[in-house]
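I opened the model to look up its sheet, its cores and its charged pairs. My notes follow.

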Amino acid sequence: MSVPIARATPDRVPALAELLGGAFTDDPMLVWPFGAGRTEVVTNFFRAFDEQIAALGWLWEAGAGLGVAAWIPPGSDQAMMDIDRSMRPALSGAEARHAEMWEWIAENFLDEPFWYLDHIGVDADHRGGGVGTALIQHGLAFADRDGVPAFLETGRPENVGYYERRGFRTVTDADAPGGGPHIWFMRYDP
C-alpha cells in the first residue's frame, strides 16, 4: 500500500490528537503518569504537544488522518525538553511522574546527532496495512540522507519486534524510575 506522507498543518492537530488519544490510551508510558482509561487526558496532551510540534514542521500525516508521526530533527533536544517542561503544569496531576520519567528518558538519548521518533500512531481501522511502516520509512529516509542514526523508545514489548523488523535494534532497556514502566531504547543506523 502506497501512502502519501505530508507535513501535518496545525489545523490537522485536533483530528490527529484524537487518533493518538485512542492509540495511546493503554500505552504504559502514558498510563503510568496519567492513569488507565484516561483517553480524554491523553488526547488533550497530544493536542497541546503536537500544536507546538506541527508549528515547527516536525509532525507528519499519512493520507487523510490514517496515521501520524512526530520526527524530531538532530540538534532539537533542548527544544523538545523546553516543550515538555512548558506543558507540565497542564498535565492533570501527572506532573511529577511525567517529569521524572521524561528526564530519565532524556538521559538515555544518544550522545550524537540523531533523528528522533517521538510518537507514531495509526488509525485502528488501518493498522496492519503499511501506514505505520510508511511513516517510519519516511523518517528513516531523513536519517539515511543525513548519515545519522534514528532513535526511539517504547514501553510496549510487542513493539520491539515491530521496530526490529524495520531496522531498529535495542541498545538498552530498563524500568523507569519511581516504579515506572519498562522501556526499550532503540536505534537505527543508516
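How many bridges join strand 1 to strand 2, and do they run parallel or antiparallel? I found three bridges, and the two strands run antiparallel. I take strands (E, at least two residues) and helices (H or I, at least four) as DSSP runs, numbered from the N terminus. I call two strands paired if DSSP finds at least two bridges between them.

A note on the source. This is a predicted model, where local features need pLDDT of at least 70 and side-chain atom pairs count only at pLDDT 80 or more, while totals for chains, interfaces and linings use all residues. Residues are numbered from 1 along each chain as its sequence is written, and side-chain values use heavy atoms, with hydrogens and water left out.

I traced seven strands in an open sheet, ordered 1-2-3-4-5-7-6, with mixed pairing. Strand 1 and strand 6 are the edges, each pairing on one side only. Neighbouring strands are turned by 25° against each other on average, direction ignored.

**Strand 2.** I looked at its partners next. Strand 2 pairs with strand 3 in the antiparallel sense over four bridges. L59 stands opposite A70 in strand 3, and E61 stands opposite V68 in strand 3.

I then checked burial (buried is under 20% relative accessible area, exposed over 50%, partly exposed in between; 1.4 Å probe, protein chains only). Both faces of strand 2 are covered: L59 and E61 on one side, W60 and A62 on the other, are all buried.

**Helix 3.** Helix 3 packs on the sheet and touches strand 2, strand 3 and strand 4 (115-122). Contact here is heavy atoms within 4.5 Å. The direction of helix 3 makes about 130° with that of strand 4. Axes are lines fitted to C-alpha atoms, for helices over the stretch in contact, with angles from 0 to 180 degrees between N-to-C directions.

**Cores.** I searched for nonpolar cores (buried Ala, Val, Leu, Ile, Met, Phe, Trp, Tyr and Cys joined through side-chain atoms within 4.5 Å). The largest has 39 residues, and L59 is one of those with the most contacts inside it, as are F46 and I105. Helix 1, helix 3 and strand 7 are among the elements that each supply at least two residues of this core. I105 touches M29, E153, I183 and F185, not counting residues up to four places away in sequence. Another core, of 26 residues, lies apart from the largest one and includes W115 and F168.

**Salt bridges.** I counted nine in the whole structure, each a side-chain nitrogen of Lys or Arg within 4 Å of a carboxyl oxygen of Asp or Glu. E61 and R12 meet at 2.7 Å, N to O. E61 lies in strand 2 and R12 in the loop between strand 1 and helix 1, so the pair ties together parts 49 residues apart in sequence. E61 is buried at 7% relative accessible area; R12 is partly exposed at 26%.

D189 has a salt bridge with R169 at 3.3 Å. D189 lies in the segment after strand 7 and R169 in strand 6, so this pair ties together parts 20 residues apart in sequence. D189 also meets R187, at 2.6 Å. R187 counts as buried at 12%, whereas D189 is partly exposed at 35%. Last, I noted a salt-bridge network linking D26, D27, R156 and E158.
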